[in-house]
Amino acid sequence: MVGLKPPEVPPTTAVKLLGAGTAACFADLLTFPLDTAKVRLQIQGENQAARSAQYRGVLGTILTMVRNEGPRSPYNGLVAGLQRQMSFASIRIGLYDSVKQLYTPKGSDHSSITTRILAGCTTGAMAVTCAQPTDVVKVRFQASIHAGPGSNRKYSGTMDAYRTIAREEGVRGLWKGILPNITRNAIVNCAEMVTYDVIKEKVLDYHLLTDNLPCHFVSAFGAGFCATVVASPVDVVKTRYMNSPPGQYQNPLDCMLKTVTQEGPTAFYKGFTPSFLRLGSWNVVMFVSYEQLKRALMKVQMLRESPF
């Protein structure tokens, strides 16, 4: 057996919420530079500031950022990113099993694909609604090009970014791009959670692997690949719209039409490689950590409740 053994008692909702948020933060810490590289590649060609630094590939983008903006630049927006994961991942991942059971007909032993997709859409939409301001601030920081100590930065810090956006664009500015983000995260959540759920279930049903780290790794890798393929076009529109100054795009549909008109349909897959590297590695780290954290937290809870 690799890793902690599955608990005899199913994890509670509180354990799932805490485990999902913590695991997602850990995954973000390890993969955040890939996410920043993805954002820079997605907005490249969109405006003059983005054109000033030409990025080529994942490693080239990160190296260019470090050379031009300093070694901390790949982690721009990390604080907002961690705030996002604690609210966002806790809901979309931590509540997935509970919502899936809610949608499953009474007396049924297994949840259908349709039920799982509905559960993924529901928790994804709920999570975005709560965490959208943190995502807007994260994207703004990741997209901002900082030329050095003498250059001006629009935001002095994470809390200043929340205040500045609310002051200049209104409170609605913090929820800018919520519709493409709901669409994007409903797709991503379905692809991630349903794929992980189904692969893990089939691997265990056919006794290919036991419920341990290798099983979680295979399931998470498949989930990351599927999520990247289906969500990349929506992710590009979401990133560009959320990062755009007031008036550049009328709405997400206008952003999509301008992107395809000016740059062609391949623009929707800009940053695909870092997206896959990021989502693939993020899913592996997150799901493996999540499974182990659930077991560790349940073990601690059972020890505290034990009379001996």
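Which residues lie nearest the centre of the largest pocket? Here are some notes to read alongside the model.

1. First, some ground rules. This is a predicted model, in which local features need pLDDT of at least 70 and side-chain atom pairs count only at pLDDT 80 or more, while totals for chains, interfaces and linings use all residues. Residues are numbered from 1 along each chain as its sequence is written, and side-chain values use heavy atoms, leaving out hydrogens and water.

2. Now to the question: D97, K100, D197, K200 and K294 lie nearest the centre of the largest pocket, which 30 residues line. A pocket is an open set of points on a 1 Å grid over the protein atoms alone, where a 1.4 Å probe fits, with protein on both sides within 12 Å along at least five of seven lines; lining residues have an atom within 4 Å of a point.

3. Helix 5, helix 8 and helix 11 each give two or more residues to that lining, and helix 8 has the largest share, 7 residues. Helices here are DSSP runs (H or I, at least four residues), numbered from the N terminus.

4. Turn next to the largest nonpolar core, with 28 residues; I93, W282, M286, F287 and Y290 have the most contacts inside it. Such a core is a set of buried (under 20% relative accessible area, 1.4 Å probe, protein chains only) Ala, Val, Leu, Ile, Met, Phe, Trp, Tyr and Cys residues joined through side-chain atoms within 4.5 Å. Helix 11 gives the largest share of this core, 7 residues.

Key. Buried < 20%, exposed > 50% of the residue type's maximum accessible area, 1.4 Å probe, protein only.
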